[in-house]
Amino acid sequence: MRHARRRRSRTAVSVTVLALLAAASLWLVPAAAPPPGTDVAQARAPGGNGRHRGARPAIVPRTAWRAGTIGTTPPGVRYAPAVKAAVIHHTSTPNGYDCASVPATLRDLYAGHAYGRHWDDIGYNFLVDACGTIYEGRAGGVDRPVIGAHTKGFNEGTVGIAAIGTFDSGERVPEPMLDAIARLVAWKLDPRGPDPRASVALVSTHDEARYPKGTAALLPVVGGHADGYATRCPGAALYARLPDISARAARMQRG
């Protein structure tokens with residue numbers, strides 16, 4: 001009988017200790033780990049509970065780089081409900097340019113897209129030069145969610161931002177360019193959307209994308225052209241800086 005009482009006593013003490021440890025763990029561990037397969041950045045990043053938007057940066061309008069001289073009539077503009085993600089590109093044009101020559105480069109790009117690819121307008125929503133100047137690209141209004149022609153399958157709900165130059169492996173991405181892209185991203189993303197460091201689900205609209213038409217793909221909120229389409233754009237050097245751009249944009253959105 002004494003042994004039975006001792007066993008019951010030890011059992012009661014063990015149960016009490018386990019209960020105390022379990023209670024303590026609720027204070028020591030603030031949240032459960034995300035389930036397997038969950039994107040960690042998305043799981044940890046703030047949701048859309050509050051508004052967060054960076055200040056509008058200075059943007060050179062189409063009239064200033066004389067887009068109208070190309071001689072095409074932009075097609076009827078289409079708009080998405082919101083901008084959920086930014087897709088970063090490079091233009092694959094030469095580096096080392098004088099920033100004063102950029103308007104002429106933009107006109108050349110516009111002509112190539114309009115006449116060579118039959119898009120009737122430049123595909124990118126915005127372009128950024130090595131000096132950090134932001135240019136309006138596709139027509140429709142810089143403050144509106146214009147659907148561009150920059151990433152097959154994921155044009156709707158994204159903003160296409162092209163870094164003017166070629167940023168393959170070994171190239172240096174100018175600091176003013178990185179800062180300007182981050183400021184533009186911070187301003188253009190839906191103020192109630194996901195954190196720039198997170199991921200977002202986008203539905204493919206084209207079978208030539210990396211994901212067949214109708215497929216919901218989890219893509220970076222600030223990603224490269226290569227994330228949704230089989231290409232080397234925006235180049236390995238610029239692609240490697242996307243996490244930095246994301247972090248900067250997140251800081252800018254929250255002051």
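Residues are numbered from 1 along each chain as its sequence is written, and side-chain values use heavy atoms, with hydrogens and water left out. Because the model is predicted, local features need pLDDT of at least 70 and side-chain atom pairs count only at pLDDT 80 or more, whereas totals for chains, interfaces and linings use all residues.

The protein contains seven helices and seven strands, taken as DSSP runs (helices H or I, at least four residues; strands E, at least two) and numbered from the N terminus. Their order from the N terminus is α-α-β-α-β-β-β-α-β-β-β-α-α-α.

Of the 255 residues, 44% are buried, that is, under 20% relative accessible area with a 1.4 Å probe, protein chains only. The accessible surface (Shrake-Rupley method, 1.4 Å probe) comes to about 13,400 Å², and carbon and sulfur atoms hold 55% of that area. Among contacts (heavy atoms within 4.5 Å) with a separation of 6 or more, 73% join residues 24 or more positions apart.

Helix α4 (residues 175-188) and helix α7 (residues 242-253) have axes that come within 8 Å and cross at roughly 50 degrees; axes are lines fitted to C-alpha atoms over the stretch in contact, with angles from 0 to 180 degrees between N-to-C directions. The contact involves residues including Leu-178, Ile-181 and Val-185 of α4 and Ile-245, Ala-249 and Met-252 of α7.

Notes
Buried < 20%, exposed > 50% of the residue type's maximum accessible area, 1.4 Å probe, protein only.
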